[in-house]
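Please look over the sequence and the model below before reading on.

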Amino acid sequence: MVLYQRGLVFFCRVLSLGVSCLLPTTRAWPQETPSPSVEVANHVESENPRDWLPNSTVLYAQIAPVSEWMEHPLREWLVETEAFKKIWRSPEVMKVRGGITVAEFAIGYKLDRLLKDLTEGGVYVAIDRETKGLVVLTKTKGEEWLSKYLEKALDYVRKDAKSKNQPEPIESAQYRGIEGYKLQNGIFAAIGPWLMFTNQGELAKAVIDRTVDPGLPTLRQARWTAITDTTWVRGASGTNQDRGTATASRLVNFEVDLATVRSVIGQNDLFSEQAKDFGAELILGGVLSVLRNAPVVAGSLDMDASGISIEVNAPSEEPWFAESREYYVGPSVSGRAPAAPKIVDSIATLGTYRNLSEMWLRAGDLFNQNVNDQLAQADNTLTTLFSGKDFGTDILGAIEPELQLIAKQQSFPEGGLHPTVQLPAFAFVAKLKKPEVMRRELKRIFQSFVGFLNITGAQEAQPQLELSMDRVGDNPVYFAEYVRDADRPYENGLPIQFNFSPTLAFLGDQVILASSVTLARELLDESLSPSQAKGSPPDVHTLLRLDATALRAVLESNENAMIAQNMLEKGHSRAEAKREIETLLGILSLFRSGTVEMSFQNKASLSLRVDAMIESK
Amino acid sequence: MSEKRIDDTHARVSHKLSEIDPEIAWQAWQPSPESPWNGERARLLFRRGGFGASPEDLEYALKHSPSQVVDRMLGDFVGKRNDEFERESSQIASSVRAGGDAERLGAWWLHRMLHSPSPLVEKMTLFWHGHFATGADKVTDSELMYAQNQLFRTHALGDFRELVHAISKDAAMLIYLDSESNRKAHPNENYARELMELFCLGEGNYSEHDVQELARCFTGWEVRRKMFRFNPYQHDSGMKSLLGTKDIESGEAAIDVVLRHAEMPFFVVEKLFRFLVCDEPRPSRSLLQPLVNRFIESGYKTESVVRQILESELMLSLWPVGKKIRSPVELAVNLIRGLDATTNLDRLAKALKPLGQALFFPPNVKGWDGGRAWINSSTLIGRSNFVVDLLGDGNTRFHGGALDEWLKSQRISSLDGWMEWLSDSLLAVPLKPDEQLRWKEQISSSTNTNHWRAALITLSRNAKLQLS
């Protein structure tokens, strides 16, 4: 019986779920019913929801019919994956599946068939500023079909309530010849072959008004949507050309009236000129400048047999980047990422443009007082640590703004002792402005730094570092490794420090700072290899590549620690925690790699693209 | 068996502690038709010897004798070491220690209190943590705090003398009492004083001269690289006299002199009595004498005294019911075990701080005062808020599911049934009819529309839930 009830609820509310979840405040269907008019016959003259949505719409999204999602080659691949099968057979999903089966039987329609027919002509979602409402419009198989199954579903809900001695669950009312229904938090109505769901009666009225009266202002006429009809948006709305496969398809397109969103949200932290978080500014400073000024943002989701691509575009103009953010985009928005080195089995490689020295010295303009106080304190400490050199000018100022970061899983000898928690190795690569001067300076600073770590470590009875020097080709490698205590058994594995062997290496005018000497050597080997890619990718300001397989390997090597963490945080038993972690690893195993790319195309738009490549069978 | 016994029908009201015959008090309790072995007695045993009874514990208890229940609560000490649990706990500890955050050790220990097959060992570990109080706020090293906690666990029910010798060389303890460096030119008196005053003898059983002499014995005892080290060059090798004994050379010999003091067993046994039986009044020496005798005869094995107390006529006559105030840790773990619940233990460990008992962070070297000191207007509200937070935490589950589902599995379908279940399972002292009525009124006027939760939250404000 419980399953039966669950199935009913699921079946009847499947489409209104989004509405009720996103915007919980629901107003009843408007009580005042205008006198019936002859306008009814003219409903749905236009076939584009842009002509029915009010011009106060702030978000508009087009979603492909469910059939396109379900018949996509990726779906076939997904259901065959072990991770999916595991989730599909999990008790929670089995419960929902049972409920669906019961409901399918009661309605006489299979869920997947119903969803396909319900969305045959596509799904359109909009959020309206005036009514604070969300509306979903789906073009169904046809007016007759919709009428038949809507009646069936309503009848079903009524019978169900009656069987439980509950009051009539559905309110209904007419507006301009359209019958509207209210069920719990959702309002829905059939407009010709279209089904409309919303959480606000006034929004439903606004949509119906426009299906009848083409003279009312619509989304198509909204000023902000005109901006989206420009080169950069058209570029974004094409098929995914990079992937270049015949099966690539656009599943979602969306546009947001950013100016209105800003005016509604007001001066919150996101749109404040002065950041209160150093890390957020470092990562997103330039993007936030665009978001603070751009009138619109548009995006899309594409899928083909090899993966998923999400792209978000916003117009970008040079004056929007205040002088203080030149550190992020470079002079005249010319900052570009360097080519990332190709390291086998790396977890992540990042190439980006940031003038760190400029950022440090412009902190007074970029950050609020609190962050500036902390930076002033840090500046003193770092200046001391770097042997009296001014951190902002002498140290950060010694490197060019094209930066690279690399993360890679470390390998520890089989059967030997290894750290209890295994961390990946990291490396930072940059070009020196004056290599002939800075190489000596940095070498001396590195030696002082290791000495400093040994002194503070000794005070805390931490393991000590042993300084060494090596060469790869003609290139010097200075590194320090932790030394084990001969009289200590390390029964629970090595302390976390043994993940690190701080390294400083030079390759021509480049400097490599690495957490592990192995990674530094590997970077030097790769850089010396003739196959190494040179030059910057055009227009790309930031390029992050993630390897899900390598990331999964890191997580797997720390599985016990993750299980323990889960047990404490969620109170799970070991078996439950293990299951949850395995599910997480299973989901991760679905992906092969990911890319996040940010570019300033022709200096006229900011484009952020995320690609997730799927693991092949 | 002696025919004399404490009349448990009226035990709670008719007997003053001073009126109870020591011989009767500590004899092994035997069930009779008038005083059967039942749920009330079993729950008392689990509250005092552990952290409350889970439904599974209770089921076991009612099918076995009190002595077998104590055996089960001792777990490790009767050869039922649960290797799987220890392996699991060790992995959690490794993960927590890798982070180096002493606050998270509290979460690890709570996991042990909730799931250990030997709850009595954990209870006694908590006792020694309060007795030999050492705070991570000063020690700042989670490894040392963990090592000390394991030391308490190893010696939890063993020879008290071995524990004192071990704790005297424990790095965390010596750091906490500023004794990581003890030079003959400037003997540090801190540890010497606390060893006699707080750990072994109590005030009035030593002189200032004894403190100075004992401090001389400990010269050369140092902590280097997180470990105890004896530095013979800093040891005062002159002859010392302590508590009437002359010619003491080493620190170890001095500890033995302290441990041989006639007052030591009374001091330790009285503290155990207050921990397991009642906060007040103070027991007479004559009442403690049989326990002291047992302690000495057993070779100062804590287990022998603890077992005698738990299985005694005094305990199982129900005389101690409601005569202790639950500590925050006891309240939290009792509640979770009683409701067959699981929750976010990191959050739980943090929630204990405002209630006055953050694990690994005792307030000072005297430990927690306990008793009435647990309760004041602030902590009482805190205890209620704790229950609200516990129920509101998305990670709190009851037998792996939602509260409503768990109630169904327990066949509890009415508010009255739920109130009765809560009274029986969580309250040491039953509510009077007018208290029951008031509780029901509070539930109906609660802003919480879920009356299952409202019942628990309103109960948490009741003074009787604070009693053990």
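Which residues in α20(B) are buried? The model is a predicted one, and in it helix α20 of chain B, which covers residues 328–338, is mostly covered, with 11 of its 11 residues buried. The buried residues are P328(B), V329(B), E330(B), L331(B), A332(B), V333(B), N334(B), L335(B), I336(B), R337(B) and G338(B), a list that includes E330(B) and R337(B) as well as L331(B) and I336(B). After α20(B) comes D340(B), a residue with a positive phi near 55°.

A packed pair of helices can be described by the angle between the two axes together with the distance between them. In chain B, helix α24 (residues 415–426) packs against helix α26 (residues 451–460) at an angle of about 35°, the axes being 10 Å apart, and the crossing of α24(B) and α26(B) is right-handed. On the side of α24(B), the residues that take part are L415(B), W418(B), M419(B) and L422(B), and they meet H451(B), W452(B), A455(B), L456(B) and L459(B) of α26(B). Sorted by class, this contact of α24(B) with α26(B) comprises eight nonpolar residues and one polar residue, with no charged residues.

Turning to chain A, G279(A) lies in helix α13, which spans residues 278–293. Is G279(A) buried or exposed? It counts as exposed, because G279(A) has 8 C-beta neighbours inside 10 Å, where the cut-off for an exposed residue is 12 or fewer. Along the chain, G279(A) and F426(A) are 147 residues apart, and their C-alpha atoms are separated by 18 Å.

Methods:
Residues numbered from 1 in each chain as written. Chains lettered and ligands numbered in written order. Predicted model: local features only at pLDDT ≥ 70, side-chain atom pairs only at ≥ 80, totals over all residues. Helix = DSSP H or I, 4+ residues; strand = E, 2+ residues; numbered from the N terminus. Buried ≥ 20, exposed ≤ 12 C-beta atoms within 10 Å, placed from the backbone. Axes fitted to C-alpha atoms, helices over the stretch in contact; angles between N-to-C directions. Left-handed = near helix turned anticlockwise from the far one by under 90°. Contact = placed C-beta atoms within 7 Å. Nonpolar A, V, L, I, M, F, W, Y, C, P; charged D, E, K, R; others polar.
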